[in-house]
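Hi,

Here is the structure I promised to pass on. Have a look at it first, then read my notes below.

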Amino acid sequence: MKSRMLSLLALFSALSAVGATIKIPAIVGSVAFDVFPALIAAALLGGGAGAIVGVLGHLLSALIAGFPLGPMHVLIAIEMAVLVWMFALVYKKGKKTSASILFILANSFIAPLPFIFLMNPAFYLGIVPSLIIGSIINTGIALVAIPRLSFLVNQERIKRDVKL
């Protein structure tokens with residue numbers, strides 16, 4: 001990796017770590033402001049970079065909360081990587097609203113679906129409201145910040161130097 005890309009990846013990972021400390025009230029303590037830096041990284045640096053930041057952010061958030069769901073946080077981190085990558089894919093096509101709606105709906109309703117079977121339907125119903133709130137706030141922060149931070153990244157140089 002080029003040093004500039006690595007520095008930006010470290011910057012967004014650090015922002016995700018800070019966001020992981022700011023929790024949203026939920027039945028599980030890992031819902032936090034850790035994903036907006038991943039969405040910003042996805043929009044500015046690409047889906048791969050955003051996915052890396054998303055995984056690190058969720059695992060840090062879960063660590064701070066004491067891993068309340070145990071090893072199931074690995075599943076959530078993988079889901080987060082996929083969702084952030086999908087956000088980047090749609091966002092890069094110029095469909096910012098569609099990317100945002102897709103991320104909010106998928107993170108709020110689709111990502112927790114495995115927990116209906118792994119835990120129970122009551123857990124799903126209990127976690128969805130906080131995931132909706134967290135997804136909306138994280139996505140909103142990202143959408144406000146992305147145009148303001150785009151000066152950090154020379155898109156053509158990033159595309160030429162690194163493919164993530």
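First, a term: on a 1 Å grid over the protein atoms alone, a cavity is a set of points where a 1.4 Å probe fits but cannot get out, and its lining residues have an atom within 4 Å of a point. Grid points are joined across faces, edges and corners, and a volume is the space filled by probe spheres set on the points.

This is a predicted model, where local features need pLDDT of at least 70, side-chain atom pairs count only at pLDDT 80 or more, and totals for chains, interfaces and linings use all residues. Residues are numbered from 1 along each chain as its sequence is written, and side-chain values use heavy atoms, with hydrogens and water left out.

Now the inside. There is 1 cavity of 30 Å³ or more, and the largest cavity has a volume of about 330 Å³. Its lining has 21 residues, with Val31, His58, Ile76, Asn107 and Leu131 nearest the centre. Two or more lining residues come from each of α4 (72-91) and α7 (121-149) (helices are DSSP runs of H or I, at least four residues, numbered from the N terminus). The largest share, 6 residues, is from α7.

Then there's helix α2 (residues 36-45): 10 of its 10 residues are buried, so the rest of the structure largely encloses it. Buried means under 20% relative accessible area, exposed over 50%, and partly exposed in between (1.4 Å probe, protein chains only).

Finally, isoleucine 101 sits in helix α5 (residues 96-110) and counts as partly exposed because its relative accessibility is 46%.

Cheers

Notes: 1 Å grid on protein atoms, 1.4 Å probe; cavity = no way out; pocket = protein on both sides within 12 Å on 5 of 7 lines; lining within 4 Å.
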